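Reader: Before I rely on the labels attached to this model, I would like each of them set against the rule behind it. Could you take me through them one at a time?

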Amino acid sequence: KVEQLGWEGYAPATPTPAPEFSVVYKNFEQCIDLYWIELTVVNTGALTWESYQLYTENTSLNTHDTTDEYRFADCEACGCEYVDEALTPGETGTVLSGLFLHHPPHGESFYAELMLCTQDGLGGKCLTHVLTFTVP
């Protein structure tokens, strides 16, 4: 005979919201004679992203850049179309490398490490994804 035990007042544990995102190469942009890389980020998790750090390396030329930012901006030429202070769950945004290229990077290969954080100034919970791509 199997006896069931009663668990009065027991509530199942609530799962902790998990941070997650996806990232892909979007484009490169130009301002005068400077170029930068743009990546598209989708917040696929349950937490809001507030800041990021992007390490970008041109592996074809062995040059690199690290950028810290507290906003998500989609920029064209020498100006930004919009600035998003945070990336809420389900939202898509753009992250930018620094202006470290002095030529169009067609055919060149890149390695990128993108770290997103749940608080400004790279605070809170942070998550890093690695991406490699070749600019068409």
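Author: What follows is a set of questions about labels, each answered from a value and its definition. This is a predicted model, in which local features need pLDDT of at least 70 and side-chain atom pairs count only at pLDDT 80 or more, while totals for chains, interfaces and linings use all residues. Residues are numbered from 1 along each chain as its sequence is written, and side-chain values use heavy atoms, with hydrogens and water left out.

Reader: What makes up the secondary structure of the protein chain?

Author: The protein chain has zero helices and nine strands, and from the N terminus its elements read β-β-β-β-β-β-β-β-β. Both kinds of element are DSSP runs, numbered from the N terminus, where a helix (H or I) needs at least four residues and a strand (E) at least two.

Reader: Why is the pair of Phe28 and Tyr35 called tilted?

Author: The search of the whole structure returned six aromatic pairs. For Phe28 and Tyr35 the ring centres are 5.9 Å apart and the planes stand at 50 degrees, so the pair is tilted. The rule pairs rings of Phe, Tyr and Trp (its six-membered ring) if their centres lie within 6.5 Å, and counts planes under 30 degrees apart as stacked, over 60 as edge-to-face and the rest as tilted.

Reader: Are Phe28 and Tyr35 buried or exposed?

Author: Buried means under 20% relative accessible area, exposed means over 50%, and partly exposed is in between, with a 1.4 Å probe and protein chains only. Phe28 has 15% relative accessibility and therefore counts as buried, and Tyr35, at 9%, is buried as well. Over the protein chain, buried residues make up 37% of the 136 residues.

Reader: What makes the pair of Tyr55 and Tyr111 edge-to-face?

Author: The ring centres of Tyr55 and Tyr111 are 6.4 Å apart and their planes stand at 70 degrees, so this pair is edge-to-face. Because Tyr55 lies in strand E3 (residues 51–58) and Tyr111 in strand E8 (residues 109–119), the pair ties together parts that are 56 residues apart in sequence. Tyr55 is partly exposed at 22% relative accessible area, and Tyr111 is partly exposed at 23%. Elsewhere among the aromatic rings, Tyr25, Phe110 and Phe133 form one cluster.

Reader: Why is E3 described as largely enclosed?

Author: Six of the eight residues of E3 are buried, so E3 is largely enclosed by the rest of the structure.

Reader: Why do E1 and E7 count as edge strands?

Author: Three strands form an open, antiparallel sheet in the order E1-E2-E7. Strand E1 (21–31) and strand E7 (92–96) each have a single partner strand, so one side of each is left without a neighbour in the sheet. Five bridges join strand E2 (residues 34–43) to E7 in the antiparallel sense, and the bridge partner of Glu38 in E7 is Leu96.

Reader: What makes the link between Thr94 and Lys26 a polar contact?

Author: The side chains of Thr94 and Lys26 are joined at 3.4 Å. A polar contact is a pair of N or O atoms within 3.5 Å; within protein, one must be able to donate a hydrogen and the other to accept it, and residues adjacent in sequence count only if both atoms are side-chain atoms. Thr94 belongs to strand E7 and, with a relative accessible area of 3%, is buried.

Notes: Two strands pair if DSSP finds at least two bridges between them.
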